[in-house]
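Thanks for making time this morning.

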Amino acid sequence: MTSFHEFGLAEPIIRALSEEKYLTPTPIQTQTIPLVLAGGDIVGIAQTGTGKTAAFALPILNRLLSAPARAERKTCRVLVLSPTRELSGQILDSFRAYGRHLRIQTALAIGGVPMGRQVRSLMNGVDVLVATPGRLLDLVQQNALRLSSVEVLVLDEADRMLDMGFIHDIRKIVAKTPVQRQTLMFSATMPKEIAELAAQMLKNPQKVAVTPAATTVERVDQRIIHLDRAAKPDILAEILRAEPVDRALVFTRTKHGADKVVRALLKSGIPAEAIHGNKSQGQRERVLAAFRDGRVRTLVATDIAARGIDVDGVSHVINYDLPNIPESYVHRIGRTARAGADGIAISFCSSDEAPFLRDIEKLIRIAIPSTDRRTDQRPVQGPGANRNVDAPRHNAGRPQGRRRQRPPYPSNGHNRPHDQSQGNKGSGHGHNRPQSQPDNIATVGFMRDAGPPGAKSRADAGRTPR
Ligand code: AMP
């Protein structure tokens, strides 16, 4: 498919697309749009950045245009569920942008903001409602919304919603929608639970998939730095100074950790902002806007907060803490390879994080080149360990020659034993455990690994977008 005209989308939609400067459909759009137009259910495996929002929004808008009907009071015709406030806001913006020449009513129902306005916006009924699950249920429970007229249900980033403990909310929501509906489910990964959910909630779904996660991963120039935990702040500051950073997204495991990293960077004279679940919606929006327009080049985030942030031009993803859920690594580094661009992902790995690295390398089937900057350079156990960037790479399954050749980090003396400035800081063993509760996903992950069955409650998940 080389043009949006070929789908038979209505003229006002095509016009909006050309105003958005969308010339050719992306692969997920090529596969998905005709199937959704035909009215079938879809399971789409696609990450953020592949153009999946337009893949479902365009045919849905086309449906609204070709079957105009006034939504009844306190109902919606199309319901889109997404895991985070940011992603929900972006999805709504996309609907409004692509539907700007259509007369459609849209509304957003997300947590973290007062409910009154959302209740009012639903009063007369809307065509498209984009919501996070918790707030949506609150609205339903307060009789501000009925789901009995939902014609199309979209579950976006289903795997993430599952990770965040939204599964019960989703089941409740789906049960309140009519059986006769079109259901579209999108997920970056397809773990067993998602396949089961799809089997329960979708009718004869067609499966569409774009590039498996590992292929996106291949476009990113990845490096591991083995280091002492206590050396992380200094090495981060060093990287941000040495690397040609346009925009860097730094991931920490906890909200507390994100704030701490920002404080350390500011102390080193590097402007940075944090974005995480403890920030108010207004703060998050301000920080995101500053990151988007380049006023802040370093954004420190937790997984949840970063999820759904739609910012092009992230040149570097830095995993200050390695995620304990390997899929999160793929999500994270995917932030820097958007719209076909290549990016750089540098991950810190302290000795206690070596098992996480093993899981990640197993998932992506790539042995990530590494540099060792630990004080005590005894071999790290397992794959990915102690393999310097100059050593032969084991690129299992990776097509050769796709990656840009760039100097390994640090360019000014890689593989040196360790930075002298860290010599007296010890191995950081005293800091090996996380200092505070991990933010959302990570909490769930810990629960899953170590907690008793059933520990993964909604409260445990510490989710924010209620
Ligand atoms: P998404 O995966 O939906 O988050 O989209 C990622 C980015 O790609 C967004 O900034 C979209 O505006 C953009 N985008 C989506 N489809 C196209 C297209 N066909 N041509 C150009 N840009 C697109």
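**From the ligand to the sheet**

Helix H3, residues 52–66, supplies the largest share of the shell around the ligand, namely 3 residues; helices here are DSSP runs of H or I with at least four residues, strands are runs of E with at least two, and both are numbered from the N terminus. Please keep in mind that this is a predicted model, in which local features need pLDDT of at least 70 and side-chain atom pairs count only at pLDDT 80 or more, whereas totals for chains, interfaces and linings use all residues. Residue numbers start from 1 along each chain as its sequence is written.

Altogether 13 residues surround the ligand, the closest being Tyr 22, Thr 48, Gly 51, Thr 53 and Ala 54, where a residue counts as near if its C-beta atom, placed from the backbone, lies within 6 Å. Sorted by class, that shell holds 4 nonpolar, 7 polar and 2 charged residues, with Ala, Val, Leu, Ile, Met, Phe, Trp, Tyr, Cys and Pro taken as nonpolar, Asp, Glu, Lys and Arg as charged, and the others, Gly among them, as polar.

Turning to the sheet, we have 7 strands in an open arrangement, ordered S3-S4-S2-S5-S6-S1-S7 with parallel pairing, and two strands are said to pair if DSSP finds at least two bridges between them. S3 and S7 (206–209) are the edge strands, each pairing on one side only, and the twist averages 15° from one strand to the next.

Which residues of strand S5 are buried on its two faces? Val 152 and Val 154 are buried on one side, and Leu 153 and Leu 155 on the other, buried meaning that 20 or more other C-beta atoms, placed from the backbone, lie within 10 Å of the residue's own. S5 is joined in the parallel sense to S2 over 4 bridges, and likewise to S6, residues 182–187, over 4 bridges. Val 154 of S5 stands opposite Val 80, and its bridge partner in S6 is Leu 184.

Finally, two helices lie across S2, S3 and S4: H4, residues 85–98, runs at about 180° to S3, while H6 runs at about 105° to S3; these angles, on a scale from 0 to 180 degrees, are taken between N-to-C directions of axes fitted to C-alpha atoms, for helices over the stretch in contact, contact being C-beta atoms, placed from the backbone, within 7 Å. After H6 comes Asn 143, whose phi is positive, near 60°.

Methods. A residue is buried if 20 or more other C-beta atoms lie within 10 Å of its own, exposed if 12 or fewer, and partly exposed in between; C-beta atoms are placed from the backbone.
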